[in-house]
Amino acid sequence: MGSERRDTIKYMTRYLVDFGALALLYGLVLFKRWRAKGRDVLLVNTLMYLYLSLVLYFTMMPVIASIPFVLNHRYVPMNLAPFIDVSMGRGDFFRQVALNIIMMMPFGFLFPLTQKGARQFSKTVLSCFLLSLGIELLQPFFNRSSDITDLITNSAGGVLGYVLYVIFRPVTVWILDHLCARKGER
């Protein structure tokens, strides 16, 4: 039983190091910078930061504790056969697709809010694609699999998130404007 507890503590510590680094980055650098730009910028950028931290958690963490061991295993290239899991009957394919789409929807919604004057569909989808590509290319370094299907479904999630942004933009802008008006900002 003592061995299990030590393993659990060791496992949790690896993640706490990453979350500690993310918290320090936010607290010492980003919070001050975003707060100076207004409550609306602070809110939107903080939500994006928290969201990206969760994406990092689910796709690559622990990162810092893994760095010394990144090159200790063979790099397995990305599976380039899209949707092969369906034809081979591997895993819970539909659950994986749904989770990948859902995971990137907040990006498609929040990204246009973080980019003043950059609310174009193509910029949002390209940024979502590049984020997903970066994750997929880095995952094998952290002993995780990489798949073109994830890239496709993540991009689809970004598109759906952007559609939600367009639908809810008037309400979102009103909320952000109201938040600033309460403090006399803008």
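Predicted model: local features only at pLDDT ≥ 70, side-chain atom pairs only at ≥ 80, totals over all residues.
From the N terminus on, the protein chain reads α-α-α-α-α-α: that is six helices and zero strands, where helices are DSSP runs of H or I with at least four residues, strands are E runs of at least two, and numbering starts at the N terminus. Residue numbers start from 1 along each chain as its sequence is written, and side-chain values use heavy atoms, with hydrogens and water left out.

**Overall picture**

The C-alpha atoms fill a box of roughly 55 × 45 × 30 Å along the principal axes. Take the contacts (heavy atoms within 4.5 Å) with a separation of 6 or more: 77% of them join residues 24 or more positions apart.

Two packed helices are described by the angle between their axes and the distance between the axes. Here the axes are lines fitted to C-alpha atoms over the stretch in contact, and angles run from 0 to 180 degrees between N-to-C directions.

| Pair | Angle | Axis distance |
|---|---|---|
| α4 (residues 93-114) and α5 (residues 121-138) | about 135 degrees | 10 Å |
| α2 and α4 | about 150 degrees | 10 Å |

The α4 and α5 angle makes that pair oblique, while α2 and α4 are roughly antiparallel to each other. The cut-offs are under 35 degrees for roughly parallel, over 145 for roughly antiparallel, 65 to 115 for roughly perpendicular, and oblique for the rest.

α4 passes α5 in a right-handed crossing; α2 passes α4 in a left-handed one. Left-handed means the near helix is turned anticlockwise from the far one by less than a right angle, and right-handed means clockwise.

On the α2 and α4 side, the contact includes M48, Y51 and V55 of α2 along with M104, F107 and L110 of α4. Its residues split into 13 nonpolar, three polar and no charged. Nonpolar covers Ala, Val, Leu, Ile, Met, Phe, Trp, Tyr, Cys and Pro, charged covers Asp, Glu, Lys and Arg, and polar is the others, Gly among them.

**The cores**

A nonpolar core is a set of buried Ala, Val, Leu, Ile, Met, Phe, Trp, Tyr and Cys residues joined through side-chain atoms within 4.5 Å. The largest one has 15 residues, and M48, Y51, V55, M104, F107, L110 and L113 touch the most other members. Elements giving two or more residues to this core are α2 (39-59), α4, α5 and α6 (148-182), with the largest share, six residues, coming from α4. A second, separate core of 13 residues includes L30, L42, M60 and V70.

Leaving out neighbours within four places in sequence, Y51 is in contact with M103, M104, P106, F107 and L110.

N154 sits in helix α6 and is buried, at a relative accessible area of 1%. Not counting residues up to four places away in sequence, N154 touches N100, M103, M104, C128, S132 and E136.

G134, in helix α5, counts as partly exposed because its relative accessibility is 26%.

How values were computed
Buried < 20%, exposed > 50% of the residue type's maximum accessible area, 1.4 Å probe, protein only.
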